Each structure stands twice: as structure tokens, then as C-alpha cells.
Amino acid sequence: MTQRAPVLPQGASPPATETGLLEWLRAHPADFAARTRLGEIYFRQARHEDAAEQFRKALESAPDFVRARWMLAGSHAYRGDWKMALAEVETLLRHEPEHAQYLDIEAYALLQLGECDRAITGYEVLLAKYPAAENWKSYGRALKAVGRTADAIDAYRRALALKPDYGMVWWSLAELKSFRFAAADIAAMQTALQGDSRSAQNRALLHFALGRAYEDERQYESAFEHYSRANQAMRSYVRHDPQQRASFVQHNKRLFTPEYFRARAGWGSSRPDPIFIVGLPRSGSTLVEQILASHSQIEATAELQALESVVRETSRCATGQKYLEAMQEISAEQACQAGEDYLARATAYRKLGCPLFIDKMPNNFSYAGAILTFLPNAKIIDVRRHPLGSGFAIFKHYFVEAYSFAFDLADIGRYYRDYLELMAHFDAVQPGRVHRVGYENLIAAPEREIRRLLDYCGLPFEEQCLRFYESPRAVLTPSSEQVRQPISAEASTLWRHYERWLGPLKSALGDVLA
């Protein structure tokens, strides 16, 4: 399938820099190899929309150029556009049906799109050809999503038999709330930590898993020691700038004023379909999603990246400006188009034909101004947890690099304050538009809080919302097992066992604790 690069003038070769490639392509617009190289530069810079544009143009000149199509699939994946990523990978598989990476991405894309049975079958096909530890791990994750916990544990055990120091698999077991580590498991993880050859990420995962193991044994001091070591390992390669976030909040407050929204009344898509569940991670958002998804008029989708992608692309169209600068400059037509684009992207995840759907990407609170501009009839539900409970739950969880603030108690506290300040601002300038759910209130009085929640959504109360744990739907987030059980108060008070070590978090939170 791979296509040869075009014949170039003797002695000519494309340059290696962005500027040089742009100049080269003005003279050689059909050079798909050079265009792919430019796309790869953009990809490494996380400019995924620009990268995708270059890969698409390369494929217009050379539809069979494998590298461009594979990179285009990757750019779609990074933006969370799994429908488009799947289409590109399926094209690649028609030419190489046993290619391990293509099969893996196909199964993962199906899982993200909610096609769980097809995803599980895809992983079984992959494992029949390539029974590697990484593939057993991925298979286990898919089985966990549909509630097949025993089968997931078996898949993880098979991965560890092949790769005993595989930190991601130990952490995957730790995420299974019904699983308990045996003494032999703890010894195996401690052995895996010996030596200096392990990556920082792998060490972090092993420490996170050991923290959970000791927590289950109620050895809280040992558990906190391992959580601390895990976060220290993460901080060795994940950087966070708290001032950047604080500046972002202040810029929001200057831009999104009552005058801003009065001037843009009637902008955006008028459709009321989306229900955004926002807040900090580990604050009970999956529980609220499961409750709402038990209603006959609401469908759960996933933690969609669609809003962030639309925000980035709209900003790019607005003379290349960043999000907040672009929001000040976009037109009514662009705002409406952005709302419709978001709804179109969400369509791939809507399977049941319900009039309303949930987007449970917690960090969408950062784009509350965009939601209120692009989708003024959407619902926004802010799920909030006690700041010490929320902060510690973040500290003990592995988040890859998705939340750069998550690996230091003081950073978590500062981020929590910024989050409260931003949401308080939107309460002030758009009163009543955001509905707040207190996690502890929901646990203490579930029926009262669920009725309030449904009233906000404009929906009648339905008894099955109280029996949310009976829902058979697949859940991809770490709380998948918890939401298949009745509400329990235990998780909401766990942080109290660690309070003596939470001084940096308390100091950073300051008067928020009052």
C-alpha cells in the first residue's frame, strides 16, 4: 500500500524545519512526503488540527501513503474524534488485516465509541495473533467497562505472567474496588521497584498500586508514603505552572461579563440536547452520570473531547487567536456553527435516540463561557466534593499527564481555589445557569438531591434513578464498579484517615475550608 515519494529535481530534498517545508510546499504542492513531514512537526507540537490538515492534503495526492493515513488516525485520536480515527484505521486494515497496532487502535476506538462488544471481540482477535502483555491489559480494561470483573482480573493476571513489573497492570488491579491484593502481590510489586532501570512512570504506577494495597489493610501511614512516592515520581517529568491557571481564571472574569452575554443573547445553537457534568476529577461525577443515565430521556456518552476540539478549531478560525481572545472576536455565525459542530461530533456516541445526552468531561468547566455562548440551552451540572476529600482523592489517583496539577498537594489546593473562583464568577454573571450537586449531600439524601437534579433538567422524577446501580450500561471511568453498587458513605470519609498528612493541601486551600 505504501506509495513512493514523487521524483524531485536532481540534488533537491525537502528541508526539515516548519518554515523550510512551508516554502518548499509552495513550490512542490504535490510532494506528499514533505507534507506528511510538516504534519508530523505540527503533531509533535500538539497542533493536531494543523497536523490533520497536512495529512489530509498528503492523502489527496497519494491515497495509499500509509504513513500519512496512520498519522491522520493518530491526530483524530488525540482530539478524541474516535469515529474518524476508526475510519482511517479500518482503511489501513483492509490492506494489512493482521497489523498489531491497527488492530489495537481499532478495538480501542470501538471501546471509546461505546461499541463494547465489538471492542472485546477485537481484542480477542488481537490476542489470538499477538498474546502480548500490553494486549492482555487492554482486554482487561474492556472487560472491566462492561462489568466482567472476574474476567478482567484474569486478563490482568495473564499480562503480569508475561511482564511481572508492568506497573500499569498493577494499577489497573488497584482500580478494581472489589479486588484485594494478596501478600504475594505486595511482595511482587516491591520486587519490581528494586533497581534503577524502571521508568519514572512505571515506578509511580507501582507506588500508586502499593498505596491502595496498604490502604485496604488500613495501614494508612504506609499507604500515604507510597502515594507520596508515586506523586514524586510523576513530578519528575510532569510540569505544572499554578500562575498560568490563576491568570486563566482572571482573564475569564474580565471577558465573560454580564455585558458580554447581553450582547450575545440568542447566539449559538438553540438545541437543548447536552447535559455537561463538570468539576474536578474524583468528585462524584460518574455517580451523577449514572443516576441521570438511568432516566428514560437521557443517554450517557463518555468523557467527550468534542468541546475542547471545537473550542480549539473555532479559536483557530478567529484569526489564529487563543481561546479567550477568540471568544471576544467570533461572530454570531461562528458561535452557531461551533454549537452545531459540537452536536455533530457527539452524534457518534449517541446510540439510544434519547432527546438528551450527557458529556461527562470534568474539565469542561474551564470552557463554561464557551458552553454558555455556543450552546445557551445546554445544562451544566457542577459536582463538588469536600475540598480535602476531593484533593486527597486526586492525590492518590494516577492521571497520566491529563491533570498536571494532580501530583502535589499544594498545587491541588491552589487549583481547587481557582476552580471555585471561576464557577462563582459564572454563578454571578449567569445566575441559575449552573446547577450544583454536593457529593456529600447526594450521599446523605439521595432522593431529595436527585429530584432537584431532574427538576433542573426539566424532567419528571423516575424511580429507576434511585436504582441507578441496576443499569447494565458500560462505564469507562475508574468509578465503574462503584456506580454498580448502592450509594455508600464510606468513600466520602476516607480522607479523614490521612488528615494529619494533608497540611500542604489545607494551607493552599486557606479560607476555602471554612
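Which residues does Val383 touch, not counting residues up to four places away in sequence?

Mentor: Some conventions come first. This is a predicted model, in which local features need pLDDT of at least 70 and side-chain atom pairs count only at pLDDT 80 or more, while totals for chains, interfaces and linings use all residues. Residues are numbered from 1 along each chain as its sequence is written, and side-chain values use heavy atoms, with hydrogens and water left out.

Val383 touches Ile277, Val278, Gly279, Ser283, Gly284, Ser285, Val288, Tyr419 and Val437, residues up to four places away in sequence not being counted; contact means heavy atoms within 4.5 Å. Val383 itself is found in strand E4 (residues 379-384). Helices (H or I, at least four residues) and strands (E, at least two) are DSSP runs, numbered from the N terminus. With a relative accessible area of 1%, Val383 is buried; the term means under 20% relative accessible area, whereas exposed means over 50% and partly exposed lies in between (1.4 Å probe, protein chains only). Cys354 is 29 residues from Val383 along the chain, and their C-alpha atoms are separated by 23 Å.

Arg282 is found in the loop between strand E1 (274-279) and helix H16 (285-293). Although Arg282 is not a glycine, it has a positive phi of about 65°. Arg282 is also buried, with a relative accessible area of 19%. Another positive phi, of about 60°, belongs to Ala46, which is likewise not a glycine. Ala46 is found in the loop between helix H2 (32-44) and helix H3 (48-61).

For the wider setting, consider the nonpolar cores, each a set of buried Ala, Val, Leu, Ile, Met, Phe, Trp, Tyr and Cys residues joined through side-chain atoms within 4.5 Å. The largest has 151 residues, and those with the most contacts inside it are Phe181, Leu292, Tyr342 and Ile381. Helix H22 (residues 409-429) supplies the largest share of this core, nine residues. Apart from it lies another core, of 19 residues, including Leu25, Ile41, Leu59 and Leu72.

Tyr342 is also one of the buried residues of H19, together with Ala335, Ala338, Gly339, Leu343 and Ala346. These cover an arc of only 130° around the axis, which puts them on the same side of H19; the arc is that of the directions from the helix axis to the C-beta atoms. The face of H19 turned away from its buried side carries the exposed residues Glu333 and Ala344.
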